[in-house]
Amino acid sequence: MSDSPKNFIKILRELMEEKNIKQGLWAATAPAKPKLISIQGDQRTDVAIIGGGYTGLSAALHLAKMGKESVVLEAEDIGYGGAGRNVGLVNAGLWLMPEDLIKLAGPEYGDRLIKVLGDSPDLVFELIEEYGIECEALRNGTLHCADSKKGYKVLQQREEQWLKRGAPVRLLGRDEAVSKTGSNSFYGALLDKRAGTIQPLAYAYGLANAALKAGAKLYNHSPVIGFKKIRNGWELNTPTGKLTAKSVIIAVHAYPGYAFKSYKKSMVSMSFFQFATPPLSRDVLETILPERQGAWDTNLILSSYRLDAAGRLIVGSVGTVEGFAYGLHESWVKRTIAKTFPQIEDTQLEYGWHGRFAMNTNHIPRFHVLEKNMAMITSYNGRGIGPGTVFGKLLAEYITGGSPEDIPLPISKIESIWSRNFWGIFYEVGARLYHSIQRRI
Ligand SMILES: Cc1cc2nc3c(=O)[nH]c(=O)nc-3n(C[C@H](O)[C@H](O)[C@H](O)COP(=O)(O)OP(=O)(O)OC[C@H]3O[C@@H](n4cnc5c(N)ncnc54)[C@H](O)[C@@H]3O)c2cc1C
């Protein structure tokens, strides 16, 4: 073993990546990982599920509830993808406003999609309760905060459109927004009582444990590196074993690796980082998001704000924390906290991490049936806790003989987004520039 400076830097980098860049705070505060091994030898099952995030784990749990056999193959660890890195806002609906969604999805799917995703927090919080999942779950609503007068007008439209559909949303004026957020930075906020917050990695672990208990088999460090059609189903190959299955659910989302790398062409990959402070003092905590709602703002380069159970403030925005971007975004978070929550003196940041989510051209998820017995739903456009949980359940039902009509999305082909690299770079460079100059001027 050599202890050259190069090696030392490599070790430091690896330690930093392990602690920060991946799941950051969530890895530090989640309960113990489910104890899994990689798949060995030749195995058989009814349904193979590729990917151990919310979609794959919810599919496995619901298959087990239906008395069906399933095996989850996860390339890394449970929650390695978006499920272990996200903000933890259990939102209702998509980013799109209901009327825009109906225009884009058409009347056949639009209303059903709004209903299914609008109600998706119900399924998340029901599963948390049913299986006693310890994941800091709070269903106190979320706050979509207007950071400009224009943003406030957009929230007025959102409120109007959701109220027409009977959703429990309420637009707060400036004074109420100030008291609910503990910040003078916002012109108002839309409170959505359907939503809430979770510790996202802990929720993924909880789903995994529930699926295991219900009879599903889960393997980690088992990347699917190749697959082929056989007479009665599919053969999936991993470096340590082979799985034969009658049908397959692909749940690799924004982290398609190995045999599914080519799916990257069908998404605009967008990154989002977060930084967390140490636990705040009790006095300060009483003044920041005192009811513990998770919040985000109306800016195009949006920012998110939430607390965890220990009272850490977590601030996020668009971009990565790779290389020098770590320092750039860390310094932006410090300036943002000083401006938004000046009651916090001398901000320290303990964790910084990032993840990717899959966007597409019209911000509506995609349902692909690659063959009769191989399906996937993907592109949640930054909202995957409720959608992943619900679509995992719907995929479990579909793949075991259900009708595609029960999924509120048209079946579509996997298509390349030719401008994906441009948009990926545009968001990353744009976010870095924006964060470099914002609040310096
Ligand atoms: C930083 C960030 C913030 C976000 N904030 C929110 C939020 O507040 N609220 C919200 O609702 N959503 C949020 N999202 C989106 C949400 O996290 C995702 O939509 C969700 O995790 C998707 O779940 P999934 O199970 O489909 O995919 P993932 O959780 O990404 O899981 C996919 C899994 O597939 C595995 N995989 C890939 N290739 C293979 C292979 N060949 N073999 C085996 N396994 C493979 C990967 O290792 C990965 O674990 C955010 C995302 C990010 C990154």
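A polar contact is a pair of N or O atoms within 3.5 Å; within protein, one atom must be able to donate a hydrogen and the other to accept it, and residues adjacent in sequence count only if both atoms are side-chain atoms. The model examined here is predicted: local features need pLDDT of at least 70, side-chain atom pairs count only at pLDDT 80 or more, and totals for chains, interfaces and linings use all residues. Residues are numbered from 1 along each chain as its sequence is written, and side-chain values use heavy atoms, with hydrogens and water left out.

We begin with the ligand. A backbone N or O atom of Tyr255 lies 3.4 Å from a nitrogen atom of the ligand. For Gly257, the corresponding distance from a backbone N or O atom to a ligand nitrogen is 3.0 Å, and for Gly384 it is 2.9 Å. The protein covers 98% of the 1,000 Å² of accessible area that the ligand has on its own (Shrake-Rupley method, 1.4 Å probe).

Helix α12 comprises residues 420–437. Its buried residues (under 20% relative accessible area, 1.4 Å probe, protein chains only) are Gly424, Glu428, Ala431, Arg432 and His435. Seen down the axis of α12, these residues fall within an arc of 95° (taken from the directions from the helix axis to the C-beta atoms), so they line one face of the helix. The face turned away from this buried side carries Ile425, Leu433 and Ile437, which are exposed (over 50% relative accessible area).

Note on methods
Helix = DSSP H or I, 4+ residues; strand = E, 2+ residues; numbered from the N terminus. Expected span 1.5 Å × (residues − 1).
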